[in-house]
Every structure is written in structure tokens, then in C-alpha cells.
Amino acid sequence: MKKFIPIMLIALVFLPAFLWSAQNITFEDFISNRDQISMFRDSNFFIAVVTFVLIYISVVTFSIPGATVLSITGGFLFGLKLGLILNIVSATLGATFLFLAVRLGFKNFFRRFEKSSARFSILVEQLKVNEVNILLLLRLMPVVPFFIANILPAIAGVGLKNFLWTTFFGIIPGGFVFALIGSNAGKFFDRGEAPDLTIFWSLEFLGPLICLIILVAFPMFVRIARYNHD
């Protein structure tokens with residue numbers, strides 16, 4: 001029963017946090033408190049960094065909506081370079097905590113299910129063969145919700161080491177764009193507007209990202225084709 005405590009805690013926190021954050025973690029809140037937040041950062045820089053990291057980790061661990069706002073906020077408060085580092089490290093740690101909680105709670109259940117189901121066993125086998133490629137694709141594809149990309153690998157029995165490094169490097173492209181938007185968000189905040197997120201879907205970003213996705217996916221499809229042929 002103790003092994004289910006982490007995932008139960010996450011579930012208990014998620015619902016009220018989701019209902020609260022759906023209305024409260026917005027750019028409007030940040031804009032209205034922008035001056036106070038900036039003053040706190042300038043006078044207590046180290047505490048501001050630690051506070052931001054802890055909030056970001058908590059949001060990701062408990063799958064609370066608002067990570068996008070935090071990523072852009074990180075770029076605005078700490079600049080492109082430091083903001084990107086803080087965003088990537090915080091998101092990776094939060095994702096890892098959620099991954100470990102889910103794996104701890106359901107690891108034995110899915111092991112028994114794998115032994116009893118031939119199809120699931122084959123699926124897990126293919127996942128292990130293409131583990132790194134699939135993990136990177138989950139991070140690179142912007143249509144995959146972040147919390148799903150944290151939970152599915154834990155359910156499938158992915159190794160912690162591969163999960164950790166593919167998460168860290170896989171979220172860098174998207175994280176860079178969000179931090180870049182944040183570092184240039186001052187002009188929008190001055191007008192009382194939210195930053196323009198359309199750059200995330202621009203050809204300048206999606207073009208290289210699609211090429212990277214194809215590069216990562218190609219070896220996986222080759223292995224699957226060989227497996228089916230044999």
C-alpha cells in the first residue's frame with residue numbers, strides 16, 4: 001500500500017489544483033503583478049530563482065496546467081540563457097518525480113499484465129528496442145501533452161536513465177522558443193497584452209523541428225520494418 005502513496009498524493013493534489021489553476025495561472029495575473037515580481041527578483045535574486053524552480057517543479061510533478069506561462073515567465077524574469085536553463089532543469093526534475101511516482105505505484109501490476117498478455121508483451125518488446133527514439137519523439141512532438149509524455153513511459157517500464165536524458169534534451173527546442181518569447185515579452189506586457197505565441201507554430205520553428213522529428217523517427221521505422229519482415 002505504501003508504494004501507492006506518491007501517486008495517490010499526486011491524484012489528490014491534481015484535481016483541486018487543476019480547478020484552481022484553470023482560472024488563476026494566467027498571463028493576466030502576471031501582468032497585474034509584474035512590477036512587484038520584478039522588484040522581488042532584483043532585491044532577492046537567489047530566493048527568486050529558488051522559488052521559481054520549486055513552483056515549476058511542483059506544477060510539472062502534479063500535472064497542473066500552467067507550465068507554458070511559467071516557461072515564458074522564466075524567460076522574462078531571468079533572460080534567455082538563464083531562463084532556458086531554469087525551465088529545462090525544473091521541467092526535467094518535475095517530470096522525473098511524476099515518472100517515479102507512477103512507476104512505483106504500477107510497476108508490479110504491468111509486469112503481471114505483460115506476462116499474461118502476448119500482445120502487450122510484444123508491444124513492450126518493441127518499445128524497449130526503440131525506447132530512445134520513442135522517448136525523444138514524445139518530447140519533440142508539440143501535440144503530445146507534457147504530462148502524458150511523463151506518465152506513458154512509466155507505465156511501459158522505460159528505464160530511468162533514458163527517461164531522464166531524453167526528457168532533458170528533448171524539451172530544449174520547445175523550451176528555447178518559450179524562453180525566447182519570454183525574453184522579448186516586455187513590449188507585450190507594457191501594452192497589457194499576453195505574449196504572442198504564434199511563433200511556436202511558425203515555419204521558422206516547425207520546419208527544423210519536423211526535420212529533427214524525421215531524423216529521430218527514421219531509425220525506428222527501419223527497425224520495425226525489419227522486425228515485421230523477419
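Analyst: What follows takes the labels one by one and sets each against its rule.

This is a predicted model, in which local features need pLDDT of at least 70, side-chain atom pairs count only at pLDDT 80 or more, and totals for chains, interfaces and linings use all residues. Residues are numbered from 1 along each chain as its sequence is written, and side-chain values use heavy atoms, with hydrogens and water left out.

User: How many helices and strands are there in the protein?

Analyst: There are twelve helices and zero strands. Both are DSSP runs, numbered from the N terminus: helices are H or I with at least four residues, strands are E with at least two.

User: Where is confidence lowest, and where is it highest?

Analyst: The score is pLDDT, the predictor's confidence in each residue, from 0 to 100. Its mean over the protein is 77, and 66% of residues reach 70 or more. Helix 1 (residues 5-24) has the lowest mean, 51, and helix 9 the highest, 93. Over residues 18-23 the pLDDT stays under 50. For that stretch the model has five contacts beyond four places in sequence, a contact being heavy atoms within 4.5 Å.

User: Why is Arg41 called buried?

Analyst: Buried means under 20% relative accessible area, exposed means over 50%, and partly exposed lies in between (1.4 Å probe, protein chains only). Arg41 has 16% relative accessibility, so Arg41 counts as buried. Asp42 has 57%, so Asp42 is exposed. Across the protein, buried residues make up 41% of the 230 residues.

User: What makes Arg41 and Asp42 a salt bridge?

Analyst: The rule asks for a side-chain nitrogen of Lys or Arg within 4 Å of a carboxyl oxygen of Asp or Glu. For Arg41 and Asp42 the N to O distance is 3.0 Å. The pair therefore meets the rule. The count by this rule comes to one salt bridge.

User: Why is Phe45 called partly exposed?

Analyst: Phe45 has 42% relative accessibility, so Phe45 counts as partly exposed. Phe45 is found in helix 4 (residues 45-61). Phe176, in helix 10 (residues 172-183), is partly exposed too, at 37%. Leaving aside neighbours within four places in sequence, Phe176 is in contact with Leu80 and Leu84.

User: Which residues form the nonpolar patch on the surface?

Analyst: They are Phe45, Leu82, Ile85, Val89, Leu93, Phe97, Leu100, Leu160 and Leu164, with about 690 Å² of accessible area together. Patch residues have over 30% relative accessible area and no salt bridge; nonpolar side chains (Val, Leu, Ile, Met, Phe, Trp, Tyr) are joined within 5 Å, like charges within 9 Å. The areas come from the Shrake-Rupley method with a 1.4 Å probe, and for residues only the protein chains shown count as cover. Helix 5 gives the largest share of the patch, six residues.

User: Which residues touch the most other members of the largest nonpolar core?

Analyst: Phe52, Tyr56, Phe78, Leu86 and Val158 do, in a core of 29 residues. Helix 5 gives the most to this core, with twelve residues. A nonpolar core is a set of buried Ala, Val, Leu, Ile, Met, Phe, Trp, Tyr and Cys residues joined through side-chain atoms within 4.5 Å. Beyond four places in sequence, Phe52 is in contact with Leu70, Gly74, Phe78, Leu86 and Asn87. Another core lies apart, with nine residues, among them Leu136, Leu140, Leu206 and Met220.
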